[in-house]
Amino acid sequence: MHLITGSCVLFLWIRALTSEKIADCTLDQFVKGPLYDSNFDTTDLEASYPAGKQLRVSCNIGFSGFFKLLCVEGEWHPRGTKCQARSCGHPGDAQFAEFHLEKGEDFVFGSQVAYTCHKGYQMVSRTNYRRCMAGGWDGVVPVCEAQQCPVIHVSNNVQVVGDPEEASYGNVVQFSCKSSSEVLIGSQEVYCNEFGEWSGEAPKCKAINCLVPVIENGYVPGNIQEYKEHEILHFVCDWGFKPTQGRPSKCTKLGIRAEWSPTPDCELIKCKLSIPRLEGTRYEPANRNVFSVGDTIRVRCGERYWISDPRQTSAQTTCKDDGEWTVEPVCKEVTCINRRDSRVNRWSVYWGQRLTQGVTVSYTCYPGYKRTNDATTATCTRDGWSPDPLCEEITCDRREIQNTVIVNHKDKYHHNEKANYVCNNGYKGSFHLNCRENGWNGYSQCTEITCDRREIQNTVIVNHKDKYRYNEKANYVCNNGYEGSFHLNCREDGWIGHSQCTVKSCEKHDISNAYILRNEKKSYRHHERVQYACRTGDERRFTVVCDRGVWTGIQSCTDCPRAEVPHGFAVGPYGGKLYYTCHDGYKLATKGWWGEATCIGTVWSGLDLCIGNRHKMSYRPS
């Protein structure tokens, strides 16, 4: 290459010597020509150069290149490369910042890059740019520092997590209350933002209180504005609305907040029907499922379903002002419980089996119970299991038995229980009846108490019979010179009582036409004697004896002789009359037990005979 160039220069020089003079090349020609640009430094160039002259053109500061001009026949011919801006290389990355070309299109002389701090960082350098100079980038890489937030001051009852004093962008500080009885008022956490400001104020801890809420379509009556923890909010919904929740709202600590739980809210009262309809359920009207307060519908159930009561298959129900129906508008299938009754021993039902209307099962009862109405199976009906109850207790009604007293007296007796009887009212003995499945088992074993007639000497039984019943009295009258009466009572151990007959005394006896000769007084004891004398002409004397209240040996001071009564005896005469009767086993031929005779002349008139008689009761006239 150098050889060729040198040859050309030599050729031109020889030609120049041998030919006519060639024109020069001027600086002005170069500056104004197409080969010039502003990056050339022409300060050291001459105004013109002769043909064949070659010169090197320098570059301005900040540019570099190797450019030469050759003057050929008055024209400049370029050699090499023009001046180009000098590269400064990469300007350098700044931490927490980004840069961009603010001037120029590359990192070459004359270009300028500007630096921008990331979000949350601020420029601490005096300039935020660098320029590409002839010697490279001027200045230094700018510095960005994180934004600093001011110190946060909190109360002593606030727990802080994080650094509230030396926080920079992005730092987070969390707050909570030291006491569980307090709640945080304000933000639970704050962060330092890109402007060096906290995202919120420092919170405070206060006692758990809930403010009165604003309730849409409702209100809180009264003047209370704050409620303490666990207090209930009583609020009222406007007409046509009801509380959304079915439980009361309570002031409750939820996390770090005191809030009403559940949220007090009111909703429009509506009554709804199940869609799709449940099996066995029909509604009238049939084209709606949402109803207002006061609206009424009729619910009809299928044959095996019921509503309100297992016996009902149709019911009318009305939408109430609490959003509920007066009767739940749902038909339910007739079912019977599959829980075995406590009195049922076994039945043909397995655990969890669904038992519907018409199902029958066999069963047995525990001892002491029997199947009601002698049923052999139980049937599921609208009224439940039939028979009802399945098993009834075996009981026996109290049986009254004449002439007995029940010791363990009650109205009903259980199975195998005994009723203990004691005989009374003239009967003796005891027994029991046993309550069995078919009723009472056993027999009455009472024996009647009786007493045989008791004969007592010198007495006559007024209510004479062979046997006497319990508590019956045998009434006795004393005779044969004894006086008094008494009774014996027939008791469990026989006769009770004593004979109370006493020997009769005799009163002084006046005899007509006679006087007492010896031992005259008003009353005489048994066997005591009294001597009489007649006042008649014969002055006859005789003695009478007191024999069990009756004077014996009385004679008449008359013309009639002493009366003789075969199988009997006579007393008197008294006032001219003689009284007579028969001994035991005999009776007068005429009626009556005592006869009366009158002395007529020397003969006793009216004196009858005593004839035999097995049953005779006699007494003497007083």
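Mentor: The account below begins with the basis of the model, then takes the cysteine pairs in turn, and ends with the backbone.

The model is predicted: local features require pLDDT of at least 70 and side-chain atom pairs count only at pLDDT 80 or more, whereas totals for chains, interfaces and linings use all residues. Residues are numbered from 1 along each chain as its sequence is written, and side-chain values use heavy atoms, with hydrogens and water left out.

The structure holds 18 disulfides, a disulfide being a pair of cysteine sulfur atoms within 2.5 Å. One of them joins Cys 117 to Cys 144, with the sulfur atoms 1.9 Å apart. The torsion about its S-S bond is about -85°, so this disulfide is left-handed. Cys 117 belongs to strand E10 (residues 112-117) and Cys 144 to strand E14 (residues 144-146), so that the pair links distant parts of the chain, 27 residues apart. Helices (H or I, at least four residues) and strands (E, at least two) are DSSP runs numbered from the N terminus. Both cysteines of this pair are buried; buried means under 20% relative accessible area, exposed over 50%, and partly exposed in between, with a 1.4 Å probe and protein chains only.

Cys 149 and Cys 192 also form a disulfide, with 1.9 Å between the sulfur atoms. Here the S-S torsion is about 95°, so the link is right-handed. It connects the loop between E14 and strand E15 (158-161), where Cys 149 lies, to the loop between strand E18 (189-191) and strand E19 (204-207), which holds Cys 192; the two are 43 residues apart. Cys 149 is buried at a relative accessible area of 6%, and Cys 192 is buried at 0%.

A further disulfide joins Cys 506 to Cys 546, at 2.1 Å from S to S. With 85° about the S-S bond, this link is right-handed. Cys 506 lies in strand E60 (residues 506-507) and Cys 546 in strand E64 (residues 541-547), so the pair ties together parts 40 residues apart in sequence. Cys 506 and Cys 546 are both buried.

An unreviewed UniProt entry places the feature "domain: Sushi" at several spans, including residues 86-146, 147-207 and 504-559. UniProt positions are given in the numbering used here, feature names are shortened, and annotations may be inferred rather than shown by experiment. Residues 86-146 are 0% helix and 43% strand, with the end C-alpha atoms 36 Å apart. Residues 147-207 are 0% helix and 34% strand, and their end C-alpha atoms lie 36 Å apart.

As to the backbone, a cis peptide bond joins Glu 284 and Pro 285, with omega about 5°.
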